[in-house]
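Here is a short note to read beside the model. Please keep the structure open and find each residue as its point comes up.

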Amino acid sequence: MGVLDGAVRTRIDPRTRGTGRWSILVLLCFSLLLIAVDATVLHIAVPALTAALEPTSIQLLWIIDVYSLVVAPLLLTFGTLGDHYGRKRLVMIGYVVFGVASAAAAFAPTAPALIAARALLGVGGAMIMPATLSIIRQVFTDRRERAIALGVWSAVAAAGAAVGPLVGGLLIEHLWWGAVFLINVPILLVLLPTAAKLLPDSCSRALHPWDAFSALLSVAGILALAFGLKEAGSGHPAGLVAFLGGIGLLIWFVRRQRRMVFPMLDLGLFRQRAFSVGVAAVLLTVFALVGLELMLAQYLQLVLGDSPFQAAVRLLPLMVASVAGGLAGARLLHRFGLRATMSGGLALTALSLLPTLTWGTERHALMLTLCFIGIGFGIQVTLLAASDTIMSSAPESRAGGAAAIEETAYELGAGLGVAVLGTITTVVYAPSLLPVPGVPPDLMTLARQSLAAAAHAAQEIGGGMGAALLSAARIAFISGLHSTVIVSVLLLGSTAVVVALLLPRGTDPAERHDHH
């Protein structure tokens, strides 16, 4: 626990004595759980949703992904707004927005309406999420207690992403796809009055001016970048224009931050090599994980023929292993140090993915479970080590800025992971699906949109021809899935090497302890 030793002990605020702060932690964890569940709950709902709303492949990627893509750029904006105008107020408004958006999503009649509702959910989520971390920092003044609270917080984030598919599977089987959103409403009706009573008012005096133009540049830049990546999959020239425009806006944002006395994003933190490596590890790890989770959920349901609930149960070992990784991570860190733990976690994840490259449409029940365990454990250990690197390489006075950067890396990784890996699958899948004799050209075009669309078309045709179409589509999807796995393995493997080479010595707890 070298990270905690030698720390300046702050005077305990009388308001946070007793059990009050733990009640606040429970409330904040529930809030976080809602946001985390919503990021992955749709992974299992894809086939049911495709049958109901018939979205195009690009619309489907947007439905799943617009949530993370809206949350990512807004985290920074709302994080700094909360510091200025009070975090409690922001959380309460966030609850209301999230509730209204959940109801709108549940009853969305068309794909564009659902995309709009999911975007609004992202706005609500971005209001709530940064405040949960900042309030934990404010309420837990003792460094050791704060470490426990942050550990619980990250375990809940992992568990939420894990529970999403399970909850989704159950609700879709017994009700309809809209129920995955409607369930948020009663929970929020309980959280709102509880938050009003429990949460402390925190308005860290608005000493620094809040720069609205910087906020606008960062939001527009990240959205344009993501939009460009998504549209690139459909070969649209607008995609390239948006992508280049996004890069331009983000360069402008960085230059503006460098000139400002009170920047919105503390770019000075990136001068520390350990901090930069930690942020890159978070971004790339989440990128690989979330994109893959989506592909695997479709693989289980549409290739292996699992029901939504069966698919969720099959993903369960991945979730259990990730929670175990979160709990074991602190021990491993203490024993082996940051460098070995982080690069080891990345290497384990990459190795666990390799066997999937040899699979086709047959079942590998035991091997699949073992791969999922390796992926879940490896990812969570990596994220814990990366988080430790980020927070311990930032001085206490800049902890808020460091946390904002870490959370942005999380959400950006999730959004870009689905965008890029989803696009790669689509780009490989469509040309791999050759015309099936007897299937009309218009249905063939529909089938090339996505595997879920092909399943829908096959159902319409029925008989031997429908079965032949579905079989061809499954084989095409697997070649797409293999290409995303190769990209993920290369990313994770190269990040492991970079961490091992670039993470400076002296960032390990044991070594830091010796210096004190």
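1. Start with Trp 62. Trp 62 is buried, because its relative accessible area is 13% and buried means under 20% (exposed is over 50%, partly exposed in between; 1.4 Å probe, protein chains only). Trp 62 sits in helix 3 (residues 57–85). Helices here are DSSP runs of H or I with at least four residues, numbered from the N terminus.

2. A word on the source. This is a predicted model, where local features need pLDDT of at least 70 and side-chain atom pairs count only at pLDDT 80 or more, while totals for chains, interfaces and linings use all residues. Residues are numbered from 1 along each chain as its sequence is written, and side-chain values use heavy atoms, leaving out hydrogens and water.

3. Next, the core. The largest nonpolar core has 153 residues, and Leu 114, Phe 181 and Tyr 299 have the most contacts inside it. Helix 11 (residues 273–303) gives the largest share of this core, 19 residues. Such a core is a set of buried Ala, Val, Leu, Ile, Met, Phe, Trp, Tyr and Cys residues joined through side-chain atoms within 4.5 Å.

4. Look around Tyr 299. Leaving aside residues up to four places away in sequence, Tyr 299 touches Leu 304, Trp 359, Gly 360, Glu 362, Phe 477, Ile 478 and Leu 481. Contact means heavy atoms within 4.5 Å.

5. Now helix 10. This helix covers residues 237–259, 23 residues in total. From first C-alpha to last, helix 10 reaches 34 Å, close to the 33 Å expected at 1.5 Å a residue. The expected span is 1.5 Å times one less than the number of residues. The buried residues of helix 10 are Gly 239, Ala 242, Gly 246, Phe 253 and Gln 257.

6. How many aromatic pairs does the structure hold? There are 2. Rings of Phe, Tyr and Trp (its six-membered ring) pair if their centres lie within 6.5 Å; planes under 30 degrees apart are stacked, over 60 edge-to-face, the rest tilted. Phe 213 and Trp 252 are edge-to-face, at 5.3 Å centre to centre and 70° between the planes. This pair links distant parts of the chain: Phe 213 is in helix 9 (residues 212–232) and Trp 252 in helix 10, 39 residues apart. Phe 213 is partly exposed at 33%, and Trp 252 is partly exposed at 44%.

7. Phe 270 and Phe 275 also pair edge-to-face, at 5.2 Å and 80°. Phe 270 is partly exposed at 30% relative accessibility, whereas Phe 275 is buried at 0%.

Note on methods
Helices (H or I, at least four residues) and strands (E, at least two) are DSSP runs, numbered from the N terminus.
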